[in-house]
Amino acid sequence: MNDFKGQTLSWQVVNGAIELALHRDPCNEIGSLTLDELENFAAALPGLANEAHALIVHSTLKAGFSAGADLRELFQRGQGMEKGAALRGVREFLERIHSVMNALDAAPLTTIAAVHGVTFGGGFELALVCDIIIADRMARFCFPELRLGLIPGFGGIPRLKRDLGNAVVRDLLLTGRSFNVMKAQQIGLVSQIAAEGEALRVARATASQVGKFDRRTAAAAKEFVKPIPYEELKREIDIFCDLYSRPAVEEGLRKFVENEGVQPYLP
Amino acid sequence: MPATDHTLDQILDLAATHFKVPREKLSADDDFFKTLGIDSLQALDLLTRLEHHFSIELPDYELQGVSDFRTLANRIQARL
């Protein structure tokens, strides 16, 4: 399936690069439907990889790359359901999305996240599975999960630990603050900064460059420098589920979902 | 002009330009959410533009409960 147009995302192969476009309003919140379509993409990826040397993940929405997990769905999942069943549902969701993230992380082609605007939580984690992050000047990154009494659940902590210094990870995680591209580049997260609206163009130019190299060599180099932290990823799911089962988390999610004020994204 | 007033002027200029609001309609004690008609995501956009303009890093938790330009200018001034 070389081309696909879904409700939350679409993909096509353009000049030897797979372009995976996110387009679920309002800001690519990742819930069950997005997960279903990400699984379809992961299943199609081995076939697509035969025809492409790179993957670009980007968003077509003005608000940003992705605001992260669909917290409304996460909250509603726990309503009217026995606690054990709700927790099993959350664990199953996490295991499924980890499976997709791990497949993207280990994909035998060069992967590029072209991000702009809000790149928060699960959206940040999706960018982190990519080999290279190219950010629009107005991109903003954040792990806000601790505000809800949770930790990032889509593989964010192990991948940040793999890619950045532990002190940086503690700062981002424990303060829950958002930060801009200058900071992101300074800490080694973002490799290139593009002007407003130019991240996809810069990503395409980068994809064209990586396409000049022998595919097998590039895949071997990637596998050598980018190990998948499987054990820590499993541990992350356990910790998330331990934390999720507390009443404080339900209250935090309720507060977010029911907040009609102008500042839900501010800490 | 005191430093904070100069900072405040720059904030008002930037907000007026970016959100296409007449500069003369903005004043220091305005609630910028109301005056600019912005939500929290657009407030983050404003924060990012201000960080770039002043070449500073202003953690968003310092903006918790801040909604007027004068207090925003004070927060920025403390980082210059």
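Modeller: Leaving aside neighbours within four places in sequence, A:Ala127 is in contact with A:Phe65, A:Ala113, A:Val115, A:Thr119 and A:Ile133. In contact means that the C-beta atoms, placed from the backbone, lie within 7 Å. One caution: this is a predicted model, where local features need pLDDT of at least 70 and side-chain atom pairs count only at pLDDT 80 or more, while totals for chains, interfaces and linings use all residues. Residues are numbered from 1 along each chain as its sequence is written, and chains are lettered from A and ligands numbered from 1 in the order in which they are written.

Colleague: Which helix does A:Ala127 lie in?

Modeller: A:Ala127 lies in α4 of chain A, residues 121–128. Helices (H or I, at least four residues) and strands (E, at least two) are DSSP runs, numbered from the N terminus.

Colleague: Does A:Ala127 count as buried or exposed, and why?

Modeller: A:Ala127 is buried because it has 28 C-beta neighbours inside 10 Å. The cut-offs on C-beta atoms within 10 Å, again placed from the backbone, are 20 or more others for buried, 12 or fewer for exposed, and partly exposed in between.

Colleague: And A:Asp238, buried or exposed?

Modeller: Exposed, because A:Asp238 has 11 other C-beta atoms within 10 Å. A:Asp238 sits in helix α10 of chain A, residues 230–244. Its C-alpha is 9.5 Å from that of A:Gly153, 85 residues apart along the chain.

Colleague: Back inside. How many residues has the largest nonpolar core?

Modeller: That core has 88 residues, and A:Leu55, A:Ile56, A:Ile112 and A:Ala135 have the most contacts inside it. Helix α3 of chain A, residues 83–105, gives the most to this core, with 6 residues. A nonpolar core here is a set of buried Ala, Val, Leu, Ile, Met, Phe, Trp, Tyr and Cys residues joined through C-beta atoms within 7 Å.

Colleague: What does A:Ala135 touch?

Modeller: Not counting residues up to four places away in sequence, A:Ala135 touches A:Val115, A:Val181, A:Ala184, A:Val190, A:Ile193, A:Ala194 and A:Ala199.

Colleague: Helix packing next. At what angle do α1(A) and α3(A) cross?

Modeller: Roughly 35°, with the axes of α1(A), residues 32–49, and α3(A) coming within 10 Å. Axes are lines fitted to C-alpha atoms, for helices over the stretch in contact, and angles run from 0 to 180 degrees between N-to-C directions. Residues of α1(A), including A:Leu35, A:Leu38 and A:Glu39, meet residues of α3(A), including A:Phe93, A:Arg96 and A:Ile97. By class, this contact has 9 nonpolar, no polar and 2 charged residues. Ala, Val, Leu, Ile, Met, Phe, Trp, Tyr, Cys and Pro count as nonpolar, Asp, Glu, Lys and Arg as charged, and the others, Gly among them, as polar.

Colleague: How many strands form the open sheet?

Modeller: 7, in the order β1-β2-β3-β4-β6-β8-β11 of chain A, with mixed pairing. Two strands pair if DSSP finds at least two bridges between them. β1 and β11 (192–194) of chain A are the edge strands, each pairing on one side only.

Colleague: Last one. How many residues of chain A are in contact with chain B?

Modeller: 15, against 15 residues of chain B. The chain A side has 8 nonpolar, 4 polar and 3 charged residues.

Terms used:
Contact = placed C-beta atoms within 7 Å.
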